[in-house]
Amino acid sequence: MNSVSVQGSTTHDRIRSLCLLVGALLFLGLSGCAVNPVTGEQNFVMFGEDTELEMGRTNHPKIIAEYGRYEDEALQAYVQSVGERLAAVSHRDDLVYRFTVLDSPVINAFALPGGYIYITRGLMAYLNSEAELAAVLGHEIGHVTARHGVRQQSAAQAANLGYTLGAILLPELRGAASQNVFNILGGALLSGYGREHELESDRLGAEYLAKAGYTPDAMIDVISVLKNQQTFAEAEAKKQGREPQGYHGLFASHPDNDTRLQQVVAEADKYIDERSGMVNREAYLRHIDGMTYGDSEEQGIRSENEFYHLPMRFAVEFPEGWHINNNPSSVQAIAPGGKAFMEMGATDINRRLTPQQFIQQRLKVDDLRSGQAINSQGLEGYTGITIQENKPLRLGVVYLRDQAFIFFGATENSREFNNYDGQFLATINSLHGLREDEFDKARELKLQVVKVDAGDSYAQWARNSRIANSPMQQLRLLNDDYPTGELQAGQLAKRVR
């Protein structure tokens, strides 16, 4: 009884010390306050504007290297012009803003501190007017003008600084339990910032829309587009037996409370004048006519469980029903329920080694078990099983021309390995040089903007489309008719060929 009491007292003292430390840090933090360019209020920041601009300059090349810049100069110039129209009426019109369309099928948009703003062609495919494009860009300009990135970074560094100082001044805070408490406090602070920042960016974006002559309601239209995407993604994930992938960046922490969203957008009404209300649907659709849809040829094309790469001239088949992720440097496939995982990458062959020697010398794996040569599709390879983190892992290397294709296959737990190893081997053996009859499958899809004829329907368009997964629903998503809308004769609409 007494020992429990002493322990409880010690815990209470530690929590009290922790709270005092956090309070002291918040007090000290006042010295790092700066005037918010939007509200005029004091915000806690640990970086000046010069550092903020340097963040953008330093990280911009990294973003381009990761995603790639979409090589359509007319489209890039169009997006830049829409963005500049909004930036000119923003709270930081002295900044030089750079708006870039990224060559990615991912549905996203985000901003770096200092005026570097990005939107993917994946998101642009699903927007249906210049006003909706302006809403996305205006939202991201809001993150820049309110210095959200700098404030987030400052909060993160303050949380880390708090634990470091605490561990020095209060030795009892050095344990893992105290570290976890600080992680929770820091996470809660950053998460709260995220939700409030999204709403503030909605409000600012709507204000900039109205001042630039667009309808502020386009902000709500964009939220609707994203929510439909989320609903569709969740339905597809459930059908495939996997967890849905959340969006990162644009509205990632957006509140579900539509009432608050309606309220902050409605605040822009006071900026509306006779010039406001511009939508420019047809102009926008004409600019995205011919834009790449989905994967690009340069990155490789996914089609159900198959993957085709025209520049590298290869194809591979993953197990049926697996979800394929196309990353810049590798292709990943995930089994339903996440029970198994495969990854494939490629690298140059520089020495005349056998595939078995390649595994030993280049991959530094010399404990391969059950090794066997591969002679499939006319290609030379080698495969076996190694142990990583006490789990079996299927490793395979197949040579195609001057490239070594490296495969890894693993399972969620060791008990499942034998159930999936046959599928790992089948995938490794499926690699082959691209055949002439596969060239069309390896070509990228394009958006076509057309006037709808009386006999057109989504069912008909879906039958003639090369969209692999749920083509009819994806066509509806493209035209803001999800889930049950239908084409109307005479309207401009997007299809995929």
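**Strands, cores and rings in conversation**

Modeller: Let's start in the sheet: leucine 445 of strand 18 has tyrosine 293 standing opposite. This is a predicted model, where local features need pLDDT of at least 70, side-chain atom pairs count only at pLDDT 80 or more, and totals for chains, interfaces and linings use all residues. Residues are numbered from 1 along each chain as its sequence is written, while side-chain values use heavy atoms, with hydrogens and water left out.

Biologist: Happy to start there. What makes strand 6 and strand 18 a pair?

Modeller: Strands are DSSP runs of E with at least two residues, helices are runs of H or I with at least four, and both are numbered from the N terminus. Two strands pair if DSSP finds at least two bridges between them. Strand 6 (residues 292–293) and strand 18 (residues 445–451) have two bridges, in the antiparallel sense, so they meet that rule.

Biologist: And how do you know that strand 18 is joined to strand 19?

Modeller: Strand 18 and strand 19 (residues 492–496) run antiparallel and share five bridges. In this pairing, leucine 447 faces valine 496.

Biologist: Which residues of helix 14 are buried?

Modeller: In helix 14 (residues 471–478), Gln474, Leu475, Arg476, Leu477 and Leu478 are buried. They pack against helix 8 (218–239), helix 13 (458–463) and strands 6, 18 and 19.

Biologist: What makes a set of residues a nonpolar core?

Modeller: The members are buried Ala, Val, Leu, Ile, Met, Phe, Trp, Tyr and Cys residues, joined through side-chain atoms within 4.5 Å. The largest has 71 residues, and those with the most contacts inside it include Met124 and Tyr293. Helix 5 (residues 130–145) gives this core eight residues, the most of any element. A second, separate core has 24 residues, among them Ile324 and Phe424.

Biologist: On to the rings. Why is the pair of tyrosine 67 and phenylalanine 110 called tilted?

Modeller: Rings of Phe, Tyr and Trp (its six-membered ring) pair if their centres lie within 6.5 Å; planes under 30 degrees apart are stacked, over 60 edge-to-face, and the rest tilted. Here the centres are 5.8 Å apart and the planes stand at 40°, so tilted is the word. Phenylalanine 110 has 15% relative accessibility and is therefore buried, whereas tyrosine 67, at 28%, is partly exposed.

Biologist: What kind of pair do tryptophan 322 and phenylalanine 424 form, and why?

Modeller: Their centres are 6.4 Å apart and their planes at 85°, so this pair is edge-to-face. Tryptophan 322 lies in the loop between strand 9 (314–317) and strand 10 (323–326), phenylalanine 424 in helix 12 (residues 417–430), so the pair ties together parts 102 residues apart in sequence. Tryptophan 322 has 6% relative accessibility and counts as buried, as does phenylalanine 424 at 0%.

Biologist: Last one: how do you know that arginine 85 sits over the ring of tyrosine 214?

Modeller: A charge sits over a ring if NZ of Lys or CZ of Arg is within 6 Å of the ring centre and within 35 degrees of the ring normal. The charged end of arginine 85 is 5.4 Å from the centre of the tyrosine 214 ring. Arginine 495 lies over the face of tryptophan 461, at 5.6 Å from the ring centre.

Technical notes
Buried means under 20% relative accessible area, exposed over 50%, partly exposed in between (1.4 Å probe, protein chains only). Contact means heavy atoms within 4.5 Å.
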